[in-house]
Amino acid sequence: MGKAAESNVVVGFPAGGEVPAAPDAAAPVDFDQRLCEHLIAAGKLARPSVERAIRLGEGAQHAEPLRLLLVKLGLVSERDLAAAMAALLGLPLVERKDYPEPTEAENGVSLNFLKNRKALILGEESGCLHVAMADSQDGNLLKAIRLITGKEVEPCVGIASEIEQALGERGKGG
């Protein structure tokens, strides 16, 4: 699970002009644009579907990231989205089969909080928590876990439904 290859390709994107496809772009909109271009190039998403999602997102009362809207609309699978995010961010993709056994301890982080944010604490290594996140672009989640636990947090990309399933099992005690 290595780093994504760097690219200096400039891609055109509807309603957004041209955006450099560098892996370290910080703005969420830029990331969603790069993510869509990656999914299109991989044959996992059609450009007209992206344009449709953008139009629908613009009309929504509560804005949500385009990447989440694509899944909600069934335009891309959770697994394909997670794999693309992992590739672009250079983060590991952690699947359900790789999750540790359910435990009671979440390092002081509320199970309800983790469920609401679709995040799962995978374990701790050398004082650093490894956390699977459905939205690994959620910097506020990383900050919150760091503040609650007092530990560094290393994000991993997880598949939303698999994280929800694992958290449900933890809520039942295994």
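Mentor: Two residues are in contact when they have heavy atoms within 4.5 Å of one another. This is a predicted model, in which local features need pLDDT of at least 70 and side-chain atom pairs count only at pLDDT 80 or more, while totals for chains, interfaces and linings use all residues. Residues are numbered from 1 along each chain as its sequence is written, and side-chain values use heavy atoms, with hydrogens and water left out.

Trainee: What pattern does the protein chain follow when read along the sequence?

Mentor: Helices (H or I, at least four residues) and strands (E, at least two) are taken as DSSP runs and numbered from the N terminus. On that basis the protein chain comes to 7 helices and 6 strands. Read in order along the sequence, they give β-β-α-α-α-α-β-α-β-β-α-β-α.

Trainee: What percentage of the residues of the protein chain count as buried?

Mentor: Buried means under 20% relative accessible area, exposed means over 50%, and partly exposed lies in between, with a 1.4 Å probe and protein chains only. The protein chain has 174 residues, and the part of them that counts as buried is 40%.

Trainee: Which element gives the most residues to the largest nonpolar core?

Mentor: A nonpolar core is a set of buried Ala, Val, Leu, Ile, Met, Phe, Trp, Tyr and Cys residues joined through side-chain atoms within 4.5 Å. The largest has 24 residues, and Leu 35, Leu 39, Leu 45, Val 50, Leu 66, Leu 70 and Val 157 have the most contacts inside it. Two or more residues come from each of α1 (28-41), α2 (47-58), α3 and α4. With 6 residues, the element that gives the most is α4.

Trainee: How far does α4 reach from its first C-alpha to its last?

Mentor: The expected span of a helix is 1.5 Å times one less than its number of residues. For the 12 residues of α4 this comes to 16 Å, and the reach in the model is close to that, at 16 Å.

Trainee: Which residue just after α4 takes a positive phi?

Mentor: The angle there is about 70°. The residue that takes this positive phi is Gly 90.

Trainee: Is Ser 136 buried or exposed?

Mentor: Ser 136 lies in the loop between β5 (128-133) and α6 (139-149). Not counting residues up to four places away in sequence, Ser 136 touches Met 85, Leu 89, Leu 91, Cys 156 and Val 157. Because its relative accessibility is 7%, Ser 136 counts as buried.

Trainee: What is the relative accessibility of Ile 163?

Mentor: Ile 163 is found in helix α7. Leaving aside neighbours within four places in sequence, Ile 163 is in contact with Tyr 99, Lys 118, Ala 119, Leu 120, Ala 132, Met 133, Ala 134 and Gly 158. Ile 163 counts as buried because its relative accessibility is 0%.

Trainee: Is Ser 126 buried or exposed?

Mentor: Ser 126 sits in the loop between β4 and β5, and has a positive phi of about 55° although it is not a glycine. At 79% relative accessibility, Ser 126 counts as exposed.

Trainee: How much space lies in the largest pocket?

Mentor: On a 1 Å grid over the protein atoms alone, a cavity is a set of points where a 1.4 Å probe fits but cannot get out, whereas a pocket is an open set with protein on both sides within 12 Å along at least five of seven lines, and lining residues have an atom within 4 Å of a point. Grid points are joined across faces, edges and corners, and a volume is the space filled by probe spheres set on the points. For the largest pocket, the space is about 360 Å³.

Trainee: How many residues of the lining of the largest pocket are charged?

Mentor: The lining has 18 residues, with Leu 68, Glu 78, Lys 118, Ala 134 and Ala 160 nearest the centre of the pocket. Ala, Val, Leu, Ile, Met, Phe, Trp, Tyr, Cys and Pro count as nonpolar, Asp, Glu, Lys and Arg as charged, and the others, Gly among them, as polar. The lining divides into 7 nonpolar and 3 polar residues, and the number of charged ones is 8.
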